[in-house]
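Please read these notes beside the model.

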Amino acid sequence: MKIVAVTACPTGIAHTYMAAEQLEKTGRELGHTVKVETQGAMGIENELSPAEIAAADAVILAIDIEIEQRERFEGMRIIEVPAQLAIRDPKSIYAKLDS
Amino acid sequence: MPLEYRFSCPLHNGLHARPASLLAELASRFDASVSLCSESSGERADASSVLDLVAAGFGHGETCLLRVEGRQEALAYAALVEFISSVLPGSDSPLDRQLTEVNRAASLPHALRGLVDNWISGIPAGPGQVLAPIRLAGGVHLPEHPGNQHPQSPALELERFRQARESVLQRQEEHLALCIGKMESQIQQAMLSLARDSSLQQTIAGLISDGGQSAAEAVVSAIRRYSRRLAESDSTYLQERRGDLEDIGLQLLEEITGEELRGRPLELAEDSIVCAPSLSTSTMLALDKSLLKGLVLTESGLNSHAVILARSHGIPVVVGVTDQSQLQEGTPLYLNGSRGVLVSDPSPAVQRFLAREEQRMQLLTGRTRALATKHGGTADGLPLEVAANIASPDEIDMIAEYGAEGIGLFRTEMLFSAYPQMPSEEQQLAIYSQLATTLGSQRLIIRTLDIGGDKPLPWLELPREDNPFLGMRGIRLYREHPELLRIQLRAILRAAVSGNIWLMAPMVTGVDDARWFREQVEAAHAELLRQGQPVGEIPWVGCMLEVPSAALQVAALSAHCDFFSIGSNDLGQYTQAMDRGHSQLSAQYNELHPGLLRLFKLACDDARAQGRWIGMCGEFAGKPLHAPLLAGLGLDEVSMSAPAIPELKQALATCDTEQARQLLDCCVEAADADVVLQQLAAFRSGSNSAGLLSGQLVNIGSDSLSRAEAIRELCGLCQLDGRCQDIDALEDSVWNREETYSTGLGHGIAIPHCRSTHINSASLAMLRLNTPVDWKALDGQPVDTVLLLAMPDTGDGKQHLRVFARLARRLMNDDFRGGLRAARTADNIVEFLERELVPSEE
């Protein structure tokens, strides 16, 4: 599957990036194409392009705070979880895609 | 005709008792009537009465009008104006100014939360913590009615009062002689002035002779009258001066009635925490400070003299305690004056916390002392003297405390602006000699008067200029007003026999200025010799490098100059043609402009080639970030505001001279200041993790037993490495984040982190715990490896955030965690992290 994701946490220093790493790593292992945008203290990085969003089958939001530009994902299949879950058990998030 | 002087009250706490007593003391020395009037409130006070001054309540920033009239009005005016402009602004101790910062709500230390339920809250009033038995002391108040005192004849009652006043004054004077330290003396001086106060005396005498009251009654009603006026003051500081006034009243009353009203003097036999509703200044002064370990004043405010004295002795204080049921004589009490916490009969958990705190404090004291006593220099041992800039002779005590190795710039402007006419040679001589004597063999660089159209003197009419910065200022003025320079040079040359004085000219533009200045020095010297004045050899004569044309001509100037000092502020402004304070340009002004750095380098290289000594005395010199540039320039000395000295010495000590030179060579070639800033940041640790990490920030054998202890220890490591000044505040920032959800990310690793104004630079600290602790981690497992990530609140710091982000991602990787665990020493850990966190070639 083609998946786009956004991660964000309260201070934007650590958990945003840990969650991103876990989603990318696990997604690759499961055979998905994953691109993760981080919204941390450095602002938006690895930003998702409209084309990438349009081509995606699903959106994972691993976030603890409200993110910027959520409207980009309107009408798409969204799985929203806390950033912590992406760190602790990323597989369980991907499992939701199959249900 | 009365002489008038208008000024704005410079004291943050208003004109309170201590500065008022200094002013009153001075005002009463002259045969002249001196009054002070507030232009906003209209309050008028007799300036020779402390009580009048204090009761009038001159607040911070209020416009005050000083009025002097009488036989000695000119003399009095001169002395008072000097006092107001040069002494008054500094007569509030820095401690007083920090009060608002100290004042925060009580909170139990994080490491004790959940372990102590029975704690008492108060207001933190003096930092530090201690455990000692309680010693209770009673509060004393002025009685409502002074007992059965039937008034006898007014003459007899007046005599009673006169005798009582004599004894009290005598005792206060004796106390003054016994005072140790500036703060004690000032406070005792204030007490003495209250006792001497002319308004108080007249009021009491009036109540006796006109009101038919007894001496005792008159004392009580007069004290109450003034006390009420103080109570009505807007300033809590002034309100708290009532305690001192009542103290004086009680002493007078004791003398008049022969009764002991203040109880026995409090004597301490062992280390104690004194608990009392309030303590009078006299009681506090009399207490043995070596045994007084802490102070709990249940009813006192933050500004009573007892509290100020305690702080000046470094004694922890808590005030405003409402629950006193647990404060029993002899009970051991834990007192935390930083957090406003008391714990009666503390448990072993509290004792363990305190023991760890004491250990940290010891290390901290050692560090500060080591920094202050250390000579300035680079890591490879090249000396670079670190000196202080001063504007007033009063600053001399402070500069020694911070470890200044001399005075690199004594700005004499303030001296001159303080006088209603040009200060005489003798007046100047006294000040320069005293400074030189105090400094001994340490260098004192005196810069002759640097004034201009923008900074006029009260006694020197200067024409307005369209562009004063490019007009008649500094040395350019001397040719029009030769007396200014001649008198100052004579005073300096005469003072030079007392110490190691060097003479420096401001605003030199080229060789002609430098030659002319030296000629003036030689002429003044010859004149003094002719007059048989005791002068030595001509001291070293040099010039400021603050005009680009001079900085570009160091070789030629060397014919007339023994030394140079770069004035980085003006040289920066003139080089960039920008006013640093300009409302639209200040953001563009940058002292790291590569063009300016190139000019610094050129001047230093030329001075060295000519065998000339060169220093730097602008703000550029006081910033730790610039240390490698300063070392690379090969300066002989850097001079700055004294509080910046310890950290700059520390930063210099980490620089290798050769690497610093290479860095400087790169920086002068940089495209702009941003590039210079990046190069400086990169240089800090020799890698792109940019000073985040050092061996000092890693403890591989931590005995912390809880999440809270570990976080406290990590914040302590930052403090010990000079990265944090307020450990409690940094700890609170970390906990703010920690409380949203645990930073235990599983696999035995936790990464507490924060953005905080209380960390100076981005920092990564690490503990390996001897005993794994519960961190409420995502996987529920205990934690044995803790990494603290702390970012300053200001600035973008993207580079550091990137390193943190990289660390966060790497921590998700088994190999990385394995490598981190495998590192055996603190240095191995630093090496490992630096290697892993440097951006790879993606």
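1. A:Asn46 is partly exposed, because its relative accessible area is 42%. The classes are buried under 20% relative accessible area, exposed over 50% and partly exposed in between, with a 1.4 Å probe and protein chains only. A:Asn46 sits in the loop between strand S3 (43–45) and helix H2 (50–55) of chain A. Helices (H or I, at least four residues) and strands (E, at least two) are DSSP runs, numbered from the N terminus. Phi of A:Asn46 is positive, near 55°, and the residue is not glycine. Most residues other than glycine have a negative phi.

2. On the basis of the model: this is a predicted model, in which local features need pLDDT of at least 70 and side-chain atom pairs count only at pLDDT 80 or more, while totals for chains, interfaces and linings use all residues. Residues are numbered from 1 along each chain as its sequence is written, chains are lettered from A and ligands numbered from 1 in the order in which they are written, and side-chain values use heavy atoms, with hydrogens and water left out.

3. B:Lys776 also deserves a look. Its phi is positive, near 50°, in a residue other than glycine. B:Lys776 lies in the loop between strand S25 (763–773) and strand S26 (783–792) of chain B. Is B:Lys776 buried or exposed? B:Lys776 counts as exposed, because its relative accessibility is 56%.

4. The expected span is 1.5 Å times one less than the number of residues. H1(A) is mostly covered, with 12 of its 15 residues buried. Among them are A:Tyr17, A:Met18, A:Leu23 and also A:Glu21 and A:Glu24. After H1(A) comes A:Gly31, with a positive phi near 85°.

5. H17(B) passes the length check too: 15 residues reach 21 Å from first C-alpha to last, close to the 21 Å expected at 1.5 Å a residue. Its buried residues include B:Glu425, B:Leu429, B:Tyr432, B:Ser433 and B:Ala436. B:Gly440 follows H17(B) and has a positive phi, near 60°.

6. Now the packing of H17(B). The axes of helix H17 (residues 425–439) and helix H19 (residues 482–495) of chain B come within 8 Å and cross at roughly 35°. Axes are lines fitted to C-alpha atoms, for helices over the stretch in contact, and angles run from 0 to 180 degrees between N-to-C directions. From H17(B), the contact includes B:Glu425, B:Leu429 and B:Tyr432; from H19(B), it includes B:Ile487, B:Arg490 and B:Ala491. Contact means heavy atoms within 4.5 Å. By class, this contact has seven nonpolar, three polar and four charged residues. Ala, Val, Leu, Ile, Met, Phe, Trp, Tyr, Cys and Pro count as nonpolar, Asp, Glu, Lys and Arg as charged, and the others, Gly among them, as polar.

7. B:Arg490 belongs to helix H19 of chain B. B:Arg490 counts as buried, because its relative accessibility is 7%. Residues up to four places away in sequence aside, B:Arg490 touches B:Glu425, B:Ala524, B:Glu527, B:Leu528, B:Gln531 and B:Gln533.

8. Helix H6 (residues 154–178) and helix H8 (residues 198–209) have axes that come within 9 Å and cross at roughly 155°. H6(B) is therefore roughly antiparallel to H8(B), a term for angles over 145 degrees. H6(B) passes H8(B) in a right-handed crossing. Among the residues in contact are B:Leu158 and B:Phe161 of H6(B) and B:Ile204 and B:Ile208 of H8(B). The contact residues divide into six nonpolar, two polar and two charged.

9. B:Val274 lies in strand S8 (residues 272–276) of chain B. B:Val274 counts as buried, because its relative accessibility is 0%. Neighbours within four places in sequence aside, its contacts include B:Arg135, B:Leu266, B:Leu279 and B:Val296.

Definitions and conventions
Parallel < 35°, antiparallel > 145°, perpendicular 65-115°, else oblique. Left-handed = near helix turned anticlockwise from the far one by under 90°.
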